[in-house]
Amino acid sequence: MRILIAEDDEALARFVRQGLEGEHYTVDAVKDGEQALSAALACDYEIVILDLNLPKLDGVGVLREVRVKRPSLPILILTQRTRVEDRIQCLDTGADDYLSKPFSFSELSARIRALIRRSHLPSESVLTVADLKLDRVQRRVERGGLRIELTAKEFSLLEYLMRNAGRDVSRSMIIEHVWNLTFDTTTNVVDVYINYLRRKIDDGHNVKLIQTVRGVGYALKAPSEAMAAEVRL
């Protein structure tokens, strides 16, 4: 899952980002309102954490524009403003939650999980392919009932593969959606991380879920799909 932080305090943004990445979220951070608006409209974020005192375009302006064009995108206001009037204005403008600074990171994390639960249908909160399960809210991965520990980037890559289960995805698609970068044909970062995942997901199992698609990229397939792919090869 990808989260956008719009915060001009670099130290605070770094603190929140590191905390969320430690919980296996993919996090982008921007420093002003114009960047926040552009990123929120251009990328597929699960939630936006929005400061109100942003340069170039304030948080309320960002909130107003995003809410018109992305009505279902969860937005959590994180601000020093504690007045009831500010809280009411943001909630009436379309904010989903409001947290004042200073704050507890554990509370922020809990509020994020609550927003994600409300924004997804129950069936979408847990992705399942064969005996592999990925809980997008609790940030847990299990195969055959045994928990698998993943880094934040490994989790994001596996989530992307599982959201596209049964489909062939190219390296350029993966690097664009997981790394938010333009594909560079000289990099092997996708292949490296696929190998990391294979060691943790497929090693020790007779059925290998992560498949290489020649000339395309990769796919995560259920047993019947995986065996059919092997026959075609």
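Val84 lies in helix H4, which spans residues 84-93, where helices (H or I, at least four residues) and strands (E, at least two) are DSSP runs numbered from the N terminus. With a relative accessibility of 54%, Val84 counts as exposed, given that exposed denotes over 50% relative accessible area, buried under 20%, and partly exposed the range in between, for a 1.4 Å probe and protein chains only. Between Val84 and Glu46 there are 38 residues of separation in sequence and 27 Å in space, C-alpha to C-alpha. The model is predicted, and local features need pLDDT of at least 70, side-chain atom pairs count only at pLDDT 80 or more, and totals for chains, interfaces and linings use all residues. Residues are numbered from 1 along each chain as its sequence is written, and side-chain values use heavy atoms, with hydrogens and water left out.

Strand E3 (residues 47-50) is covered on both faces, with Ile47 and Ile49 buried on one side and Val48 and Leu50 buried on the other. In a regular strand the side chains alternate between the two faces of the sheet. Strand pairing, which requires that DSSP find at least two bridges between the strands, joins strand E1 (residues 2-6) to E3 in the parallel sense over four bridges, and Leu4 has Val48 in E3 as its bridge partner. E3 also runs parallel to strand E4 (residues 75-79), to which three bridges join it, and Leu50 is partnered by Ile77 in E4. From E3 the chain passes through helix H3 (residues 59-69) to E4 in a right-handed β-α-β crossover, the hand being right when, with the strands pointing away from the viewer, the path from the first strand over the helix to the second runs clockwise.

Two bridges connect strand E10 (residues 169-170) with strand E12 (residues 217-220); Val169 stands opposite Tyr218, and Ser170 has Gly217 as its bridge partner. Strand E11 (residues 210-213) is joined to E12 by four bridges, with Val213 opposite Gly217. E11 and E12 form a hairpin with three residues between them, and Gly215 in the turn has a positive phi of about 80°.

The largest pocket has a volume of about 250 Å³. On a 1 Å grid over the protein atoms alone, a pocket is an open set of points with protein on both sides within 12 Å along at least five of seven lines, and lining residues have an atom within 4 Å of a point; grid points are joined across faces, edges and corners, and the volume is the space filled by probe spheres (1.4 Å) set on the points. Its lining includes Met1, Arg2, Asp44, Glu46, Tyr160 and His177. Helices H7 (152-163) and H8 (171-178) each supply at least two lining residues, and the largest share, four residues, comes from H7. The lining of the largest pocket comprises three nonpolar, four polar and five charged residues, where Ala, Val, Leu, Ile, Met, Phe, Trp, Tyr, Cys and Pro count as nonpolar, Asp, Glu, Lys and Arg as charged, and the others, Gly among them, as polar.
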